[in-house]
Amino acid sequence: MGRIHITPRRLMFCLLGLSVVLFAVVGLARAGGDPLLNTPPPKPVRIPAEFEPMQAVVANWLADADGDLYRYLAEDTKLVMLWESANVYELIQSSLSNYGVNMGNCEFYQVSNVPIMRDALPWLLFADQNKAAFVHNEPATDYWAIPPYGLTQGYTIYRSGLTVQGGDFMTDGQGTAASLDDTAIRHAAMGDGFMERVRDYWGVQTYFFVPDENDKYFHIDCMAKFLSPDTVMVLRTPSSHDRHECLEGAAAYFRKQVSCYGTPYNVVRVDARKDEPYTNSLIVNRRVFVPIVDGQADANALASYEAAMPGYEVIGVRNCYPGTNNTVWSSGIALHCMTMGIADEQMLYIEHTPLLDRPPASQGFPISARIVAHSKTEFVEGTPVVLWRTVTDANEAQPPESWNSLPMSRQSEFGEHQYLAYIPAQPVGTVIQYYLRARDASGRDETHPYIGEPQAHTFTATTLGANVSAISAQRGGTVEVYMNAGLDNAQQSYRLSYSLSADTELLENPQAALPDTTVFTGFNGQLDDAGIGAARMTLVGPLTSDWVGTRILFSLELTDQQNDIPDTVSIQILE
């Protein structure tokens, strides 16, 4: 599906017109002024994820990198290059031209000192009714990374007062972020003020601090990467490697966390034989650029990305010294460090929590989403829609005509930009795939999941189901349980029972009661005329650590039946 990127020139100025007014900005600072705002952005605040639509990539000049990298980037986005001297500028120009790069899609800016892009540049965010702005996270005296042109071009730039470099920050775009634990240690003196500032300036509600006890890594992008809201890739080395224990600890840490979808993270691994920086990759729209080193592990690394990200084009990128196979990439700095994607400020944004296995409601299976056209243009061509189909085997390829289309209707009573459609009810045991699609008059054409059909959401029609499959012990949460016993059981009295089991030996009594603070609603009642019912259980966090590893099992009992409904629901309690 195509996408038109409209890249305002002022965005490039905002990021990279640094040197022209550098001295003026420094002079202002010395005079006691500050060109950046030290107050939080208007809520809600959202920092997009790397796997969301990008309109530009700011890249360091890598003289010995594969030329295809720049050619590909300039095909799909604006490619922005910085230069310090006339000699370097001429080299960049001639090299890009020889690589076959679309020079009309490139912009060049002279600076007094070329930074490492990922760590130095401010981050784009949306605030104040989806208005694009930037947040700067370097110390107050570090003015070389401030984008002064942005001030004159109409962008608001906020100073967070935090010291977090871009390489040590990754987000799912929905309020969850992760950094190495050094970030928390470095800001420990702020106490609760740190998370308050993170929420105010970044819109981050949940922050994971990945353990790195022996300081094996400088930034999180050297060991892990969000591939989607519920999938994280973690590097893996042989057991003899001195970083093996650190990486296994990181993988175990993410397996204990709850994603924004209310599910445990899907943790995938990419293998390195030595110090290959495979997680230090760059996602730009529907392509993934992976640093490779001409080693034996390269092919397997690329295959790992292809398996974890079906539908994406996975491209290996070399960076070797001339005439040798000696790579410039290292375990501490590689492709992701040297580039910075700039999210499309006029993106067509789709936010949706995928359905888990569940029974239909009276109207079918509800598919709800928040869909925002940041271009402020109207939706076109009968969108947004839900594309869905039933499958015998979820892994079996089916022809494109097997997809059915359902229009989504505006649901203003549930909030701004809310849309809803119902997939028709299907028999118990039916496997259903679906994805969302929207188009707007700016030419943008987006899907959810981001890559669309190749990663379509999949669930199974059941008698009993829930909205989540995991809850954080620290944060607590709510489980909504759905029941549909069918017309034959209309008006039946029911009891929703639960039991506890432990993945480990943490529970002395597997049938122990939940904490007294747990709130139950609708656990006893009567199914309606269609045999449908619902219940809710809220766990008030934080729970004590011994609850981590526990599973809550729900089952449905009907008074007129000797046997329970066969479906059960299992909810994990994670960290």
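**Entry 1: Arg186.** Setting aside neighbours within four places in sequence, I found Arg186 in contact (heavy atoms within 4.5 Å) with Thr163 and Val164. A polar atom of the Arg186 side chain lies 2.7 Å from the backbone oxygen of Thr163. Between the C-alpha atoms of Arg186 and Val164, 22 residues apart along the chain, I read 9.5 Å. Arg186 belongs to helix α7 (residues 181-186); helices are DSSP runs of H or I, at least four residues, and strands are runs of E, at least two, numbered from the N terminus.

**A note on the source.** This is a predicted model, where local features need pLDDT of at least 70 and side-chain atom pairs count only at pLDDT 80 or more, while totals for chains, interfaces and linings use all residues. Residues are numbered from 1 along each chain as its sequence is written, and side-chain values use heavy atoms, with hydrogens and water left out.

**Entry 2: Ser331.** I located Ser331 in the loop between β15 (313-317) and β16 (339-343). Is Ser331 buried or exposed? Ser331 counts as buried because its relative accessibility is 16%, and buried means under 20% relative accessible area, exposed over 50%, partly exposed in between (1.4 Å probe, protein chains only). Not counting residues up to four places away in sequence, Ser331 touches Cys222, Arg243, Asp275 and Pro277.

**Entry 3: helix α9.** I listed the buried residues of α9 as Cys246, Leu247, Ala250, Ala251, Tyr253 and Phe254. Their cover includes β7 (170-171), β8 (176-180) and β12 (266-271), among others.

Key. A polar contact is a pair of N or O atoms within 3.5 Å; within protein, one must be able to donate a hydrogen and the other to accept it, and residues adjacent in sequence count only if both atoms are side-chain atoms.
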